[in-house]
2 protein chains.
Amino acid sequence: MAIQRQDILAAAQRILTAHGLADLTMRRLAAELDVQASAIYWHIPHKQALLAEVADDLLARVPEPSSRRRWDRQLHQLGTDLRTTLLAQRDGAEVVAASRASSLDTSHLGKRVVEIVESGGHTHAHAVASRDALLHFVIGYTFDEQTHAVMAEHGAAPARFGDADAAYTAALDIVIAGIRA
Amino acid sequence: MAIQRQDILAAAQRILTAHGLADLTMRRLAAELDVQASAIYWHIPHKQALLAEVADDLLARVPEPSSRRRWDRQLHQLGTDLRTTLLAQRDGAEVVAASRASSLDTSHLGKRVVEIVESGGHTHAHAVASRDALLHFVIGYTFDEQTHAVMAEHGAAPARFGDADAAYTAALDIVIAGIRA
């Protein structure tokens, strides 16, 4: 039976969830699916393309903000939901960071941010800079939280105290205030 | 001859510059210094502590912004110089991201950001949130640029066009406008 693209994606997600990003290799994926590596390469040419698929699928889980709310509240909702989505997937922030760095991802998330900022009456140039500010902030912040959580679990980092959600929201509010300004 | 802490740091920097973060292991470090691993563990107990030392040393190269300038111009200078410093060191952003996530770093950079924002008449709570917004943005942005550059060099990512410095400055200006707001 020929292997399908969605089988590969599902296997990649199983490996990511059970073992983490370091174990997500094309070789491991072939073993998980019990096929030759060539059967995978026919669908997905290399590791960067695989990460882009996994990241796109993860980002597609971020809910679309309600267009009935003010544009800056939509951005706030998106910034909050993006963090929640990334934290819900093991190594989620790192997968998305690596995928975006490859410029191979096809997620519409960046485009949505640009559209929302423009709907507030801002120029396209401001909307693009806002997208860069917001997404690098959220992904960078979440990468830090997720990496710290793994280290702390293994006793390799001291625990952090305080309200993590409130601290995130305060920093997110600052970025959004800058987009509004 | 007993090995000194500064010899270990210098060797770690040589490995990082020549081979990258993936090759910076305690074992590799012992081989580079031609000593038993135990001689290193006596100074530096584990990989996280090593990364924290390397990151602290890197962050110490960020110039102190001139206190004769307005507080928000100082932040802008710091945000610009931090990116330049990270980009100048192979895998610099990843080293700093990993080190900050371990909460083992002792760099004063975060404290300086808090002090500068407070000097603008803002509350401590706002200054702390500003630190989180600014540093996660800068490190996340630079991580993306640096990761992309390595991938593009190996033909694993399409080239990016446009003025990278201008794009960064536009996004940095948004974060700082949010701190000012």
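**Interface of chains A and B**

I counted contacts first (heavy atoms within 4.5 Å): 34 residues of chain B touch 34 residues of chain A. The model is predicted, so I kept to its limits: local features need pLDDT of at least 70, side-chain atom pairs count only at pLDDT 80 or more, and totals for chains, interfaces and linings use all residues. Residues are numbered from 1 along each chain as its sequence is written, chains are lettered from A and ligands numbered from 1 in the order written, and side-chain values use heavy atoms, without hydrogens and water.

I then looked up the buried area (accessible area, 1.4 Å probe, lost on putting two parts together, summed over both). Chain B and chain A bury about 2,700 Å² between them, 71% of it on carbon and sulfur atoms. In chain B, A101(B), H136(B) and I174(B) lose the most area to chain A, together 23% of what that side buries.

**Aromatic pairs**

I searched for ring pairs of Phe, Tyr and Trp (its six-membered ring), with centres within 6.5 Å and planes under 30 degrees apart for stacked, over 60 for edge-to-face, the rest tilted. I noted F137(A) and Y168(A) as stacked, 5.8 Å centre to centre with 10° between the planes. Both residues are buried (under 20% relative accessible area, 1.4 Å probe, protein chains only). F137(A), Y141(A) and Y168(A) form one aromatic cluster.

Key. Buried < 20%, exposed > 50% of the residue type's maximum accessible area, 1.4 Å probe, protein only.
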